[in-house]
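Thanks for making time this morning; I would like to walk you through a few local features of one model. Please have the sequence and the coordinates open while I speak.

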Amino acid sequence: MRNLFHVLTLFPEMVLQGLSPSVIGRACEKNIITLNAVNIRDYTKDRHGKVDDYPYGGGAGMLMQAQPVFDAHRAVTGGRNIRTIYVTPQGSPFTQQMARELAEETELVFLCGHYEGIDERVLEEIVTDFVSIGDYVLTGGELPAMVMIDAIARLIPGVLGNDGSAEEESFYRDLLEYPQYSRPEEWHGRKVPAVLLSGDHRKVAKWRLEEAKQRTARRRPDLYEKYQQKQLLIRLLSRQKRNHIHIMESLDRGNGEIVYSHNGEGTLSVLVYDRNSRTSMAIAADCSFGEKIADCLPGEGRFIVISDLFLKDILAKRHYRVLGEYDQMLYTKKEVLRVKHRDIRCLTMEHFPQVCRLYCPEGGPGIEEGYLRERILAGAMYGAFLEGNLAGFVGVHSEGSLGMLYVEEPFRGQGIALSLESYAVNRMLERGQTPYCHVSAENTESGRLQERLGFYKAEKTFWWLEKVLAK
Ligand code: ADE
């Protein structure tokens, strides 16, 4: 499934030339995304190629007419229902959250206006979203459309390369990015902060977090307040870390949004929505809080993780079905694990067919191919290689848990699973994350492996549920 951006414009060359020399251009060359700039003027029925006319009721300037815009739109959509964004200063403000949401669509249409705007009647017929890039007026919609395409496309797996960096930089953990330095060590009498030269990863991470906090508090107090609310909830949840690590990790990585939270006397009721995985995570003090939480469930979410038995009944009434029962296990130590096996590295799309064959054979574990593809492109799958052959793999799920461990039959009994898990744990520790996983209650072998590595089990039982969509 390739991502397709159509741009309806009077200046198609401006859009193509503007984006082609960039990272976006390279993603087009690699066939990860496609940019289709369509000249609205090609669709006018006017003999002289005119696309504008005077506004009824008078007023300054000219308006783009409905007919050429409608026909250009019809030509790209063929009457299909495709999300169509009119870029206009009268729209809702474009945000990173909106970029994430739009990156989920496989096809988008951007409509760029010119002159004083576009005849309202065609907007009513074809536009699904009105979006602005800021409270200022530009001469046309091409630059805003390019800004939005750039912000959306870089979130599409594979566009930025294989390092998972899109999710880690600015807005990581709801904070602005920390200051960065490159060579030379001293420039204009200004030295690079000594901690960055120390080689101590933990100290560097601590310094960066502190700088990011200070910068956000100074430049974006609104974002900082949101960050503080999440940190406060993380502290409350940490009183029962084993039972709550999944919610704490989702919040700490900046993917989780607090939808509901109530701090009673010694009890907590919380609903967090993890955007990355479209998964809700809930804990409830009792049935009445459970009902409240169920009322707040976000419409777009597909899954929910719970650890209170009564929530299962409440959610069953709301069309959720249980996918499985799990033990939550976590690694709370800070010690890096020994990795015996040498050749472990990030998987690339070259390995996709093999991973699918091993992990999704008929009747095998229910992981969809599209999901595996997305995880590989996000740089979240690691493979162990023996003499160049892929012997096994492990991955990090989109909500943050470790999983998808598999070792091919002929390579079993050589400690490869242990090495893969240890490698993945170390990568998470480097990022300041707490490794955790959901082990199926039947999978005693996997549970034993986690225990051997030093994982602890939560007291509660966990259930994953999925929304059953009406047919
Ligand atoms: N067209 C002109 N100005 C604009 C803006 N600020 N945002 C989106 N589209 C526009």
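I will begin with the conventions and then go through several residues in turn.

What we have is a predicted model, in which local features need pLDDT of at least 70 and side-chain atom pairs count only at pLDDT 80 or more, while totals for chains, interfaces and linings use all residues. Residues are numbered from 1 along each chain as its sequence is written, and side-chain values use heavy atoms, with hydrogens and water left out.

Let me start with backbone geometry. The peptide bond joining arginine 183 to proline 184 is cis, its omega being near 5 degrees, and proline 184 sits in the loop between helix 6 (142-153) and strand 8 (186-187); helices (H or I, at least four residues) and strands (E, at least two) are DSSP runs, numbered from the N terminus. Histidine 188 has a positive phi, near 50 degrees, although the residue is not glycine, and its place is the loop between strand 8 and strand 9 (190-191). Arginine 278 likewise has a positive phi near 50 degrees, and lies in the loop between strand 11 (268-274) and strand 12 (279-283).

Leaving aside residues up to four places away in sequence, aspartate 327 touches Cys437, His438, Val439 and Lys457, where contact means heavy atoms within 4.5 Å.
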